[in-house]
Amino acid sequence: MDEKKIFLVDRDKEFLYVELFQYLNKINCLPRYIYSKDINTIFYNIVGSLIYDIPIVLLDSDFSHNEIQNLGISLTKIDENIELKNKILVNYENFLSLLQNTKEWNITLFTSGTTGLPKKVSHSFETLTRMVKINISTKDNIWGFAYNPSHIAGLQVFFQAILNLNTIVNLFEQSRSHIFDMIEKYSVTNISATPTFFRLLLPSKKHFNSVVKITSGGEKFDTTLINHLRTTFPQAKLLNVYASTEAGTIFGSKNDVFEIREDIKDKVKIINNELLIHKELLGHSDSLKVVDGWYFTGDIVEVISNNPLKFKFVSRKNEMINVGGYKVNPIEIEELLNKHPNIVMSRVYSKKNSVLGNILLADIQRVNDITEKDIQMYLRKYLQEFKIPRIINFVEKIELTRTGKIKRA
Amino acid sequence: MELNKLLNIVNIILDKKNKPVLNEINIKMDLRNDIGFDSLDLAELTVRIENEFGVDVFEDGIVSTIGEIIEKIKQNG
């Protein structure tokens, strides 16, 4: 193994695999919660938790203290450390087998729930790495890392990379010019990102021949974007994936038709056009609705063929809104808005947007003078930025359906 | 004319995030690097420009500068 092999590049800093091992050999405690903006801290702690086989909880770095308390986590606990008793010596020879030898380890993530409260999902090493490929063609991959590192898609890229001892180049929330510079400088071969990431990057007159595979998912891929991708990354194969926080990545497709692989065909079925996934493919969560072993995804599909099963995604059954790859539950925001003394009622909804796929809007019925800015500043105290409606319309009245629900159509 | 309306829109977005508003903008300014917009701001910008000028400036992919926005508005206007 190359002693100079880079594990992670973040801005102008390079972290070598040997430096990761040195860190692992030096530590005597690990955090119970990972709550950091720093990708290097996040990855080092995940690796540490795997080596020492300790379950860990991953929090979004932009969660407000309020949001954390709503998850049922006491603020005094987020700085807690776990002492490591038996030291483990890590080196190139034992690193990968140590990573894969976990028994107790799991990682807990939070995702917007359908009831307004965030949903807690814990993944074992097995569910997270089910789609990881390790072979001769993956061992020299260089990953452009473009997801939030505390979300499932980011974790899956992380595992794909680290189990192959690949280099990870951080492209998440970087400027366009920096992203292009990094792809060029490190000859990035693989990029996995949301369509929004690519929409904000392209078109560009540049070409990058080093990129051989592009994976995307979470939102619809439009033809304009596909054409831009083909121009800028002419050598890249495009792959569309279906993934969720509950299940991780389950299937991929070269276009918008998904075909179910032979080995999991008994674990996927469709009832009334809704996609059902067997619980064996899922992470563990108490708030998941599982009926007779099946999880109702809320994703509505159109069946193309039954044997083998092929389908297209059509829409979502519930109200979740996808803002640039992040799921937002409008009910969570409405509940908060309705608590404001100057707001009678609110309706949060989305509008198609060429940057983010969807943008959040709100109609508000107010009693006293309150401005768009006041409302956004109020929400900012409680919510992550992507959950804040960007355009607020003041209306005379919010229309309700006959059952007293807010009209959403 | 367009530049003034655009300045207004940019300032609405900046002000709502409690960021200092701009006295003027010029066609060379970069939306991200000079004005400091993130992807959420850019999404809001498209909606506000579309409401004002009837043009989705990001429809064919990202534009980077104020000048490119003006160009799109003129092309479609």
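Which side chains does a polar contact of 3.0 Å join? They are those of His123(A) and Thr127(A). A polar contact is a pair of N or O atoms within 3.5 Å; within protein, one must be able to donate a hydrogen and the other to accept it, and residues adjacent in sequence count only if both atoms are side-chain atoms.

This is a predicted model: local features need pLDDT of at least 70, side-chain atom pairs count only at pLDDT 80 or more, and totals for chains, interfaces and linings use all residues. Residues are numbered from 1 along each chain as written, chains are lettered from A and ligands numbered from 1 in written order, and side-chain values use heavy atoms, without hydrogens and water.

His123(A) sits in strand β8 (residues 119-124) of chain A. His123(A) is buried, at 1% relative accessible area. Buried means under 20%, exposed over 50%, partly exposed in between (1.4 Å probe, protein chains only).

Now turn to the salt bridges. Each puts a side-chain nitrogen of Lys or Arg within 4 Å of a carboxyl oxygen of Asp or Glu. Arg347(A) pairs with Asp363(A), closest N and O atoms 3.5 Å apart. Arg347(A) lies in strand β23 and Asp363(A) in strand β24, so the pair ties together parts 16 residues apart in sequence.

Other bridges cross between chains. Asp41(B) meets Arg390(A) at 2.6 Å, N to O. Asp41(B) lies in helix α2 of chain B and Arg390(A) in the loop between α11 and β25 of chain A, so the pair joins two chains. Salt bridges that share partners join residues into one network, including Asp41(B), Arg390(A), Lys16(B) and Glu372(A).

Methods. Helix = DSSP H or I, 4+ residues; strand = E, 2+ residues; numbered from the N terminus.
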